Amino acid sequence: NLNACIGSINSAEVLAAAGFLNDENILTLGLGTSPNWMEEDWPYVFRPAMNNNRATPIVTSMIKEDCGIESVAIFKGQDDASLATSEAFVEHCEEVGIEVLANESYDLGDTDFSAQVANMLNTNPQTVYISTIGETGPVIVRQLRQAGYTGIIFDKESFMISQIEIAGEENADYIAFANPYVTYEDIEDCDIDIVREFLVDYSEMYGELCKTDSAYRGYDAMLALNEATKISGSNDSDALKDAMSQVNIPGLGGQIDFTIGDREAYET
């Protein structure tokens, strides 16, 4: 009796579940950022969030063209999103002429990255790129800063308020990313009308601002699903799936546009 499914924000979980949901003809809105699961032939699966492959060339352009940086050290996880994004990053670095001096990895659950930090910094990179998930990002940021690295750190996703709290504000400057979502400590800092309205509603409901972008992704998913119900006039999963391809509305990350036909909401 399921009409639609939203989730997960973890790409590995989407990859594990979405095929089954697709085979059952259930509209599925996955919120993970890995490119891999959207490369499957799953017509019932859509992504109302960011595909990291769309962001990677923007990041390499930021590094080479905007900053004039020519060498980088990479720190990556072994989860689907982190690994796929770091591999795409390496390919784009080769294309634009950025030298990868070190390519270190970690296993989920690790907290001591001193060996990886030493290996990266011993190559004297001009910048560091981290491709991580969850709370690993702020830990590696803190350890890089404590080891004396003061340069720009490029992140595969937003560096969020929750991560700043873990890394320490003194360590969280000069972190750059290409992502449609930004978290805020104060609503007054937000000058994007639709995001500001969302933050006001969220604050009134929960008594605080969201500290991660998970709520942003979930809200965009609900905006898209709500629009699909309006277009289809139905909650039937087949009708919703057909209507989803007609959805083109403002979202928290920009224009949610599924009319292009690739089942991806954000093209840039």
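Helix α2 (residues 52-66) contributes 4 residues to the lining of the largest cavity, the most of any element. Helices here are DSSP runs of H or I with at least four residues, strands are runs of E with at least two, and both are numbered from the N terminus. The model is a predicted one, in which local features need pLDDT of at least 70 and side-chain atom pairs count only at pLDDT 80 or more, while totals for chains, interfaces and linings use all residues. Residues are numbered from 1 along each chain as its sequence is written, and side-chain values use heavy atoms, with hydrogens and water left out.

A cavity is a set of points, on a 1 Å grid over the protein atoms alone, where a 1.4 Å probe fits but cannot get out; a pocket is an open set with protein on both sides within 12 Å along at least five of seven lines; lining residues have an atom within 4 Å of a point. Grid points are joined across faces, edges and corners, and a volume is the space filled by probe spheres set on the points. By this rule there is 1 cavity of 30 Å³ or more, and the largest cavity holds about 30 Å³ of space. Its lining consists of N52, A55, T56, V59, T85, Y129 and K156. Sorted by class, the lining of the largest cavity comprises 3 nonpolar, 3 polar and 1 charged residues; Ala, Val, Leu, Ile, Met, Phe, Trp, Tyr, Cys and Pro count as nonpolar, Asp, Glu, Lys and Arg as charged, and the others, Gly among them, as polar.

The description now turns to a sheet. An open sheet is formed by 5 strands in the order β5-β4-β6-β7-β8, with parallel pairing; two strands pair if DSSP finds at least two bridges between them. At the edges stand β5 (99-105) and β8 (175-177), each of which pairs on one side only. On average, neighbouring strands of this sheet are turned by 25° against each other, direction ignored. Axes are lines fitted to C-alpha atoms, for helices over the stretch in contact, and angles run from 0 to 180 degrees between N-to-C directions. Within the sheet, strand β4 (residues 71-76) and strand β6 (residues 127-131) run parallel and are joined by 5 bridges. I74 stands opposite Y129 in β6, and Y129 is also among the residues that line the largest cavity.

Helix α2 packs on this sheet, touching β6, β7 (153-155) and β8, and its direction makes about 165° with that of β7; contact means heavy atoms within 4.5 Å. Helix α3 (residues 80-96) lies across β4, β5 and β6 and runs at about 165° to β4.

The largest pocket has a volume of about 370 Å³. It is lined by 24 residues, of which I9, I133, G134, E157 and R217 are the closest to its centre. The elements giving two or more residues to this lining are α1 (11-23), α3, α6 (161-167) and α8 (214-232). By class, the lining of the largest pocket has 5 nonpolar, 11 polar and 8 charged residues.

A further open sheet has 3 strands in the order β1-β2-β3, again with parallel pairing. Strands β1 and β3 (45-46) stand at its edges with a single partner strand each, so one side of each is left without a neighbour in the sheet. Strands β2 and β3 run parallel and are joined by 2 bridges; the bridge partner of L29 in β3 is F46. Helix α9 (residues 237-244) lies across β2 and β3, running at about 50° to β2.

Two loops carry backbone features. The peptide bond from G7 to S8 is cis, with omega near 0°, and S8 lies in the loop between β1 (4-6) and α1. N25, although not a glycine, has a positive phi of about 60°; N25 is found in the loop between α1 and β2 (27-29).

Strand β9 (residues 248-251) and strand β10 (residues 254-257) run antiparallel, joined by 4 bridges. A hairpin connects β9 to β10 through 2 residues. In β10, D257 is the bridge partner of N248, and I256 is that of I249.

The chain as a whole has 9 helices and 10 strands. Its radius of gyration is 19 Å, close to the 18 Å that the globule rule gives for 268 residues, so the chain is as compact as a globular protein of that length; the radius is taken over C-alpha atoms, and the rule is 2.2 Å times the number of residues to the power 0.38. Along the principal axes, the C-alpha atoms fill a box of roughly 60 × 40 × 35 Å.
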